[in-house]
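Please read these notes with the chains open in a viewer.

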Amino acid sequence: MLSVEAIEKIEYELTKYPIDQRQAAVMSALRIVQTERGWLSQESISEVAAYLGIPDIAALEVATFYNMYDTEPVGKYKITVCTNISCMLRDSDSIVHHLQEKLGIGFNEITADGQFCLKEGECMGACGGAPLMSVNNATMHENLTTDRVDEILKELK
Amino acid sequence: MATSKTTTSKMTAPVMTDLKGQTLVTLQTLKEKNPASLATYEKLGGYQQLKRLVTDKVKAIEVINEVKVSGLRGRGGAGFPTGLKWSFMPRYFDGTKYLVCNTDEGEPGTFKDRDIIRYNPHQLIEGMAIAAYTLGAGVGYNYIHGEIWREYEIFEEALAEARAAGYIGKNLFGTNFSFELYAVHGYGAYICGEETALIESIEGKKGQPRFKPPFPASYGVFGKPTNVNNTESYTSIPWILQYGGQAFADLGVAGSGGSKLFSVSGHVEKPGNYEVNMGMPFAELLEMAGGIWKGRKLKAVIPGGPSTAVMPAEAILGATMDYNGLSKAGSSLGAGSMIVMDETTCMVKTLKRLSYFFYEESCGQCTPCREGTGWVYRVIKRITDGNGKMEDLDLLTDVSNNISGRTICALGDAAATPVLSFIKHFRPEFEYYIQHGKSMVDGK
């Protein structure tokens with residue numbers, strides 16, 4: 001069941017669209033539920049679809065098309081490192097290697113304690129601060145060095 | 001509002017670039033303390049143009065003419081004249097017309113609209129409200145790139161401020177003009193920067209581009225007439241009306257009115273956004289960005305994001321930063337996203353990364369793009385894995401030429417451009433990689 005808080009937030013998003021266009025809120029509704037639950041299970045997606053009164057497949061299509069939705073568990077902190085051209089030119093490789101070594105996981109893996117998950121990201125639109133990474137789709141960390149990565153990991157633990 | 005499992009970072013990012021030599025139009029609030037606040041924008045004359053148009057009932061055609069005089073061209077990359085686009089919106093329509101702002105900047109190397117929202121959100125809101133008044137749109141959406149989450153929150157906050165101050169909402173300035181504006185977000189799909197994919201996404205669907213025609217002006221959001229412009233375009237509008245279209249045109253050069261935000265990234269000492277007059281020599285812009293880092297030499301520049309052709313140092317060093325200047329020099333201005341590469345850059349590996357990006361981001365709708373981008377990536381990977389064959393270069397060219405022009409949207413062309421231009425300008429590097437199984441540049 002969707003939580004009261006989630007419903008409140010989804011209702012706010014619905015105010016942005018004509019009343020006969022509830023599907024328009026599916027992007028934010030999925031984001032809201034994912035933020036609350038950590039990832040989107042088939043069940044979560046169906047709950048969102050039911051709430052908006054749209055077919056399950058309509059919500060599932062969206063959840064699987066956009067790459068910031070996670071349809072599998074991701075651990076408590078999902079770290080997405082951009083490796084696209086501007087970051088690559090400023091050595092995002094060293095940031096990736098450092099994270100992988102430090103956490104003992106590769107891309108799309110979760111640490112044994114369930115704390116961290118590592119993802120490779122496409123351009124996040126903040127290339128002036130390359131190399132960079134985002135945590136849980138929300139907090140951007142720019143101008144990374146391996147020391148800065150260590151600090152961030154410590155803050156998250 | 002939105003919550004995350006980690007504390008949201010407050011807006012502490014310093015202004016990264018030195019403002020000397022810049023012509024601040026869309027980022028004019030950067031000269032002030034608290035640039036993003038409503039009070040700051042009002043101090044600079046903010047929302048006065050909207051108020052004047054609405055209360056004096058200025059005719060739409062007058063506003064459109066002023067925008068035409070300004071020479072403003074779409075800042076999202078296509079460079080279509082904004083005034084002309086506005087004139088395509090049907091004047092009379094029985095129902096709601098829509099306005100959409102495209103802040104879905106996912107073209108690698110592009111990060112200008114993010115700074116507009118961070119430092120001057122109210123000028124964007126006023127620009128959209130002016131467009132809404134001019135085009136008779138009742139509702140607007142600003143679609144913001146999912147990855148820049150903090151900016152989405154900043155924009156929501158700015159909207160609340162503008163609503164409370166009576167700049168958006170019902171019966172503005174005591175007239176019968178109403179305009180509601182909302183923030184919506186993407187969630188990780190480059191393709192949604194394409195305007196019809198973006199419209200699909202606003203409607204809560206997969207971001208797959210629509211066939212055009214019909215164009216958004218006749219069939220856009222929820223099937224209603226819709227005007228779509230880029231963030232920087234809308235943000236230029238209040239300045240154009242305050243100082244005059246001619247003043248804006250005079251900042252630039254023939255064919256390229258105004259100043260423009262250039263996002264400079266890669267191998268420079270001071271990456272960041274630089275708002276400078278159109279027509280500035282590239283060499284001067286490079287100097288503003290601190291020059292090539294570590295005392296190295298310039299090798300190549302992608303001047304407008306990867307969907308524009310890469311330019312070797314000698315071609316870009318003589319070029320000016322405007323539509324005609326870059327087109328004459330063999331590329332295009334795009335969104336003004338300058339990706340700078342120094343002499344240590346391996347062009348084969350760089351192209352591999354770009355090809356992976358287009359493969360990953362193809363929406364899968366058109367076969368030439370869906371299959372072709374994967375094919376291109378696998379062939380380049382074969383080369384960097386040491387298994388390349390000389391005929392692969394012709395194969396890459398052939399596949400790219402068969403993607404280009406054969407798809408619904410421009411992503412197909414965008415995916416082909418880097419392949420064709422990298423091989424054209426740096427062919428010996430590709431041949432070396434194939435012959436030796438390692439890079440000519442870094443030996444690895």
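1. Just past helix α17 of chain B, B:G437 has a positive phi of about 70°. Helices here are DSSP runs of H or I with at least four residues, numbered from the N terminus.

2. This is a predicted model, in which local features need pLDDT of at least 70, side-chain atom pairs count only at pLDDT 80 or more, and totals for chains, interfaces and linings use all residues. Residues are numbered from 1 along each chain as its sequence is written, chains are lettered from A and ligands numbered from 1 in the order in which they are written, and side-chain values use heavy atoms, without hydrogens and water.

3. α17(B) has 26 residues, yet its end C-alpha atoms are only 33 Å apart, short of the 38 Å that a straight helix would reach at 1.5 Å a residue. The expected span is 1.5 Å times one less than the number of residues. The helix bends by about 90° at B:F426, and B:P428, a proline, follows within four residues. The bend is the angle between axes fitted to the seven residues ending at a residue and the seven starting there.

4. Helix α2 of chain A (residues 26-37) should span 16 Å because its 12 residues count at 1.5 Å each, and the 16 Å between its end C-alpha atoms agrees. Nine of the 12 residues are buried (under 20% relative accessible area, 1.4 Å probe, protein chains only). Among them are A:M27 and A:L30.

5. The largest nonpolar core has 81 residues, and A:L30 and A:Y66 are among those with the most contacts inside it. A core joins buried Ala, Val, Leu, Ile, Met, Phe, Trp, Tyr and Cys residues through side-chain atoms within 4.5 Å. α17(B) gives the most to this core, with 10 residues.

How values were computed: Buried < 20%, exposed > 50% of the residue type's maximum accessible area, 1.4 Å probe, protein only. Helix = DSSP H or I, 4+ residues; strand = E, 2+ residues; numbered from the N terminus.
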